[in-house]
Number of protein chains: 2
Amino acid sequence: MKKTSLLTPGPTPVPPRVLLAMAAPIIHHRTPQFRAILKEMYENLQYVFQTSNPVFPLACSGTGAMEATVANLLSPGDKAICVQGGKFAERWSEICKVYGINTVLIDVEWGDIVSPGVIAKTLEENEDAKVVFTTLCETSTGVVTDIAAIAQVLKGKDTVLVTDAISALGGMELQTDKWGIDVVVAGSQKGLMTPPGLGLCSVSEKAWKLVEDSNSPRYYFDFRIARKAYDKSNTPYTSAITLCIGLNEALRMIREETLEKVLQRHEQLAVAVRAAMQALGLKLFAKYPANVVTAVCVPEGIDGVELVKVMRDAYGVSIAGGQAQLEGKIFRIGQLGFMNEFDIITGISCLEIVLKKMGYKFEAGKGVGAAEEIFKEVCVE
Amino acid sequence: MKKTSLLTPGPTPVPPRVLLAMAAPIIHHRTPQFRAILKEMYENLQYVFQTSNPVFPLACSGTGAMEATVANLLSPGDKAICVQGGKFAERWSEICKVYGINTVLIDVEWGDIVSPGVIAKTLEENEDAKVVFTTLCETSTGVVTDIAAIAQVLKGKDTVLVTDAISALGGMELQTDKWGIDVVVAGSQKGLMTPPGLGLCSVSEKAWKLVEDSNSPRYYFDFRIARKAYDKSNTPYTSAITLCIGLNEALRMIREETLEKVLQRHEQLAVAVRAAMQALGLKLFAKYPANVVTAVCVPEGIDGVELVKVMRDAYGVSIAGGQAQLEGKIFRIGQLGFMNEFDIITGISCLEIVLKKMGYKFEAGKGVGAAEEIFKEVCVE
């Protein structure tokens, strides 16, 4: 018997209810029945995105939705400001480069974030920048950027704010309209508790002007075609039917729990993980840790790659290692999506077992105990 | 109780075995476990594509895979020959236009096909054409083009042959390597019996030279990045995990039945549908009818849109209507994927019932009887 636990920052566990909805006999996408599902899904997405903007579902991964955003907003030679500071943040400038965009890079140390003041200064020096590309939670470092404050800097300016919320949406506060984010990019496989394969983009009216102006080549990812279909509760081209059905079911679950409580739950799980790591004498990597993923420095003398491998292969508990320059230096615990206290306890306990095996010194149960202290605050309803 | 039957030319019914495989708890994509699935899937895809070329799985619909092909093979200003003659064939030139490709259009009447001679003549007049875009089965008209003969025309030439086999693969003969097709584009939701959301492209070494030369912008769809991942039994970016697992299960089913028998089964179902239509006095639309979808002219005095609607809404049997200029003029019966004799009998019977209701004159049971005559030839093993 091998029972497994998935505590990675995406893909995240898919609730049985979502799996079962997707396992029903497939229906055709050009039918009133499927259009009714899309209509409900579009409304539910607006609820989770906290926006009245349309949210386009694209059959692709999050990266596809990022490319769609670049291609729809910018033309070759246009200027854009890209905030760096992680593997996924860097993807913005990589895609911009492919599209011939003139990029102004704001380099941020991995694990740290950009300050709104730096954004303001960069904008002053680059008044012709059409877009600022940002990341709410950088999945590779577990850091959360203050997007609300950055949005404040852009208020009243022509520059459009784009935020990658792929790992944050549905797990952390993100007030698209209230903060003023023009394009929010998300994916199905993180806080939205659905298998990967759907990218999501919300697009404001301010951003729409850029969409109309862009002459970058795009067909499959063309927001103008997507919007026409969206307005008829449809998708252009063949919908990823089962993923849409699954996503809608997951969104129903979020509405039933209420977004407010979903976010509180994520916060509590994150606080517990952080408390556990500190109790084990481990250092958090991110200066401003996100509520959806906790990046932890691998202690000296421990092989970080091996740690993750043993947890997964010997105990069936999947967490994530470090990526790129952080390989072997950090590990990352996802507390994201369909997770409760005991998923977290399982992750911490397995970490304790394997750290102990590998020779790291600490009192067994200390991490779990610290998390329990947080969890005992849960109200019984 | 409403039991439904899906007889559309995509999406096609997903076998319970595939649905169940996809409903298992999700696994992470960067694991030995998932790489083993991808490795098997890649081998199984080569079997069905009848190729030793790599087959890249892209998380997108078939249209995304078509765009990927254009962007990877051609640069702005390059010349390409596009065979028209249906809603999906026309997509090639639409995408080429977006990418600034200089297109030479071969116009074919809908329902008819291009002759190899016309291809040869067009190539003579356009020796600098880098690509010829073709369609094996045009889903909108149900016609099958002689791709083997077209490939023969291109043999020894520099021009690369691209074939849209989205609705044909796994239902009709397609010998990628033996015929000499450089790029074959397919999708998960047709003969491959999996929900939509995966596009597939096989790419020959001859085509690869164009991939290296192309300067069209592409990131998510970049074959160069896809190939690097492919060689490590991986995918770039987050895989559409459940769809890959489902597709691999469906491919296993095809291997178990053997591709040869799968194609024979489709042929027999198609012959039965054609015999039934003729027995009902109905005219086939396509001059060379494909084995995966049968397009039938709506008889005079019958409302074709209503026919499809009543079959679906009153009887739960989904067939497809006509698209674009053929709306209301034809209907299309898919005999594609996970289908046996009695799926076809159900479709024909429902058609008879609704045609009778709508006032079309014929002897009830005639169509079903004609199909039965074909099916009685099945060998009992």
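In the predicted model, Gln189(A) touches Gly10(A), Pro11(A), Thr12(A), Thr194(A), Pro195(A), Pro196(A) and Thr238(B), leaving aside residues up to four places away in sequence. Gln189(A) lies in the loop that runs between strand E9 (183-187) and strand E10 (198-203) of chain A. Because 32 C-beta neighbours fall inside 10 Å, Gln189(A) counts as buried. A separation of 8.6 Å is found between the C-alpha atoms of Gln189(A) and Ile166(A), which are 23 residues apart along the chain.

Two of the residues touched by Gln189(A), namely Gly10(A) and Pro11(A), are joined by a cis peptide bond with omega near -5°. Pro11(A) belongs to the loop between strand E1 (5-6) and helix H1 (16-22) of chain A. In chain B, the peptide bond from Gly10(B) to Pro11(B) is likewise cis, with omega near -5°, and Pro11(B) is placed in the loop between strand E1 (5-6) and H1 of that chain. Most residues other than glycine have a negative phi, and most peptide bonds are trans.

Gln50(A) is located in the loop between helix H2 (32-49) and strand E2 (55-59) of chain A. With 18 other C-beta atoms within 10 Å, Gln50(A) is partly exposed. Thr258(A) occupies the loop between helix H10 (241-257) and helix H11 (259-279) of chain A, and counts as exposed because 11 C-beta neighbours lie inside 10 Å.

The contact between the chains involves 45 residues of chain B and 44 residues of chain A. On the side of chain B that touches chain A, at least two residues each are supplied by helix H1 (16-22), helix H3 (62-73), helix H4 (89-98) and helix H10 (241-257) of chain B. H3(B) provides the largest share of this side, with four residues. Classified by residue type, the side of chain B that touches chain A comprises 24 nonpolar, 17 polar and four charged residues.

The largest nonpolar core contains 270 residues, and the residues with the most contacts inside it are Cys201(A) and Cys201(B). When residues up to four places away in sequence are not counted, Cys201(A) touches Val55(A), Phe56(A), Leu58(A), Ala65(A), Ala68(A), Thr69(A), Val183(A) and Val185(A). In soluble globular proteins, nonpolar side chains tend to be buried together.

In chain B, helix H12 (residues 304-315) and helix H13 (residues 341-357) pack at an angle of about 110°, with their axes 10 Å apart. H12(B) and H13(B) are therefore roughly perpendicular to each other, and their crossing is right-handed. From H12(B), Leu307(B), Val310(B), Met311(B) and Tyr315(B) meet Cys350(B), Leu351(B), Ile353(B) and Val354(B) of H13(B). The residues of this contact comprise eight nonpolar, no polar and no charged.

In chain A, helix H13 (residues 341-357) packs with helix H14 (residues 366-375) at an angle of about 165°, the axes being 9 Å apart. H13(A) and H14(A) are therefore roughly antiparallel to each other, with a right-handed crossing. On H13(A), the residues in contact are Glu341(A), Ile344(A), Ile345(A), Ile348(A), Ser349(A), Leu351(A) and Glu352(A), which meet Gly367(A), Val368(A), Ala371(A) and Phe375(A) of H14(A). This contact of H13(A) with H14(A) has seven nonpolar, two polar and two charged residues.

A further pair in chain B is formed by helix H5 (residues 116-125) and helix H6 (residues 147-154), which pack at an angle of about 30° with axes 9 Å apart. H5(B) and H6(B) are therefore roughly parallel to each other, and the crossing of H5(B) and H6(B) is right-handed. Pro116(B), Ile119(B), Ala120(B) and Leu123(B) of H5(B) make the contact with Ala149(B), Ile150(B), Gln152(B) and Val153(B) of H6(B). By class, the contact of H5(B) with H6(B) has seven nonpolar residues, one polar and no charged.

Notes
Residues are numbered from 1 along each chain as its sequence is written. Chains are lettered from A and ligands numbered from 1 in the order in which they are written. This is a predicted model: local features need pLDDT of at least 70, side-chain atom pairs count only at pLDDT 80 or more; totals for chains, interfaces and linings use all residues. A nonpolar core is a set of buried Ala, Val, Leu, Ile, Met, Phe, Trp, Tyr and Cys residues joined through C-beta atoms within 7 Å. A residue is buried if 20 or more other C-beta atoms lie within 10 Å of its own, exposed if 12 or fewer, and partly exposed in between; C-beta atoms are placed from the backbone. Two residues are in contact if their C-beta atoms, placed from the backbone, lie within 7 Å. Axes are lines fitted to C-alpha atoms, for helices over the stretch in contact, and angles run from 0 to 180 degrees between N-to-C directions. Angles under 35 degrees count as roughly parallel, over 145 as roughly antiparallel, 65 to 115 as roughly perpendicular and the rest as oblique. A crossing is left-handed if the near helix is turned anticlockwise from the far one by less than a right angle, and right-handed if clockwise. Ala, Val, Leu, Ile, Met, Phe, Trp, Tyr, Cys and Pro count as nonpolar, Asp, Glu, Lys and Arg as charged, and the others, Gly among them, as polar.
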